[in-house]
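Colleague: Walk me through this model, please. I want to learn how to read its packing.

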Amino acid sequence: MKNQAYRMAMLYDFYGDMLTDRQKEFYDLYYNEDLSLSEIAENYGISRQGVRDVIVRAEATLTELEDKTGIIRRFHVMQDQIKAVQSDVDAIRARNEQSYQDDEIENLTDRISSVLDQLKRE
C-alpha cells in the first residue's frame, strides 16, 4: 500500500494540474488528507459512489498521462544518474586529495558538483 500511495503522490505532483478542480479536491482529500470516501461524500452532500467515480477518473487520467509521457519514469532514471555522477566526482576529488593536489581538478569537481546540486533542486 505504501508503494501505491507514493505512486499516487508522484502522479499528482507531476500531472495534478491536468485534473478538474473537483478531481483535484477529491484526490487531495482522499490521498493526502486521508479522508474516506464516506467522509468526503458527507462533506459534499453526494454519494460515496459519486466520490469514488471522481477519484477513479482522476487516477485514470494521471496514469494515462504517465503511460504516454513517461516523465516520472525518466525523472527516476535521471535521479539515479545524478547520484552515480556525484559518486564518481567524489571519488575523483578523493583521489586528487590523496595523490595529486591539483587545483584545476579540484575546481572542475567543484563546478560539476555545483551543476549536480542545481539539477537535484529542479
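Colleague: Which residues make up the largest nonpolar core?

Modeller: Keep in mind that this is a predicted model. The largest nonpolar core has nine residues in all: Met 8, Met 10, Leu 11, Tyr 15, Leu 19, Tyr 27, Ala 58, Leu 62 and Ile 72.

Colleague: Take Met 8. What is Met 8 in contact with, leaving aside its neighbours within four places in sequence?

Modeller: Met 8 is in contact with Tyr 27, Tyr 31 and Glu 59. A second, separate core has eight residues, including Leu 29, Leu 37, Val 51 and Val 54.

Colleague: Now helix pairs. What describes two packed helices?

Modeller: Two values: the angle between their axes and the distance between the axes. Start with helix H2, residues 21-32, and helix H3, residues 37-44. Their axes come within 9 Å and cross at roughly 135°. H2 is therefore oblique to H3. The crossing in which H2 passes H3 is right-handed.

Colleague: Which residues meet there, H2 against H3?

Modeller: From H2, Glu 25, Phe 26, Leu 29 and Tyr 30. They meet Leu 37, Ile 40 and Tyr 44 of H3. By class, this contact of H2 with H3 has six nonpolar residues, no polar ones and one charged.

Colleague: And H3 with H4: at what angle do they pack?

Modeller: About 110°, with the axes 8 Å apart. H3 is therefore roughly perpendicular to H4. Leu 37, Ser 38, Ile 40 and Ala 41 are the H3 residues that meet H4. Facing them in H4 are Arg 48, Val 51, Arg 52 and Ile 55. The contact of H3 with H4 divides into five nonpolar, one polar and two charged residues.

Colleague: Next, H5 and H6. How far apart are their axes?

Modeller: The axes of H5 and H6 are 10 Å apart, and the packing angle is about 160°. An angle over 145 degrees counts as roughly antiparallel, so H5 is roughly antiparallel to H6. H5 passes H6 in a left-handed crossing.

Colleague: Which H5 residues meet H6?

Modeller: Ile 82, Val 85, Gln 86, Val 89, Ile 92, Arg 93 and Asn 96. Among their partners in H6 are Ile 105, Thr 109, Ile 112, Leu 116 and Leu 119. The residues of this contact of H5 with H6 comprise eight nonpolar, four polar and four charged.

Colleague: On to the backbone. What is the phi of Asp 34?

Modeller: Positive, about 60°, although Asp 34 is not a glycine. Asp 34 sits in the loop between H2 and H3.

Colleague: Is Asp 34 buried or exposed?

Modeller: The cut-off for exposed is over 50% relative accessible area. Asp 34 has 65% relative accessibility, so Asp 34 counts as exposed.

Colleague: Where does Gln 101 lie?

Modeller: In the loop between helix H5, residues 71-100, and H6. Gln 101 is another residue other than glycine with a positive phi, near 55°. Its relative accessible area is 52%, so Gln 101 is exposed.

Colleague: Last one. Where is Glu 122 found?

Modeller: Glu 122 is in the segment after helix H6, residues 103-121. Its relative accessible area is 71%, so Glu 122 is exposed. Ser 47 is 75 residues from Glu 122 along the chain, and their C-alpha atoms are separated by 40 Å.

Definitions and conventions
Residues numbered from 1 in each chain as written. Predicted model: local features only at pLDDT ≥ 70, side-chain atom pairs only at ≥ 80, totals over all residues. Heavy atoms only, no water. Axes fitted to C-alpha atoms, helices over the stretch in contact; angles between N-to-C directions. Helix = DSSP H or I, 4+ residues; strand = E, 2+ residues; numbered from the N terminus. Parallel < 35°, antiparallel > 145°, perpendicular 65-115°, else oblique. Left-handed = near helix turned anticlockwise from the far one by under 90°. Contact = heavy atoms within 4.5 Å. Nonpolar A, V, L, I, M, F, W, Y, C, P; charged D, E, K, R; others polar. Buried < 20%, exposed > 50% of the residue type's maximum accessible area, 1.4 Å probe, protein only. Core = buried A, V, L, I, M, F, W, Y, C linked by side-chain atoms within 4.5 Å.
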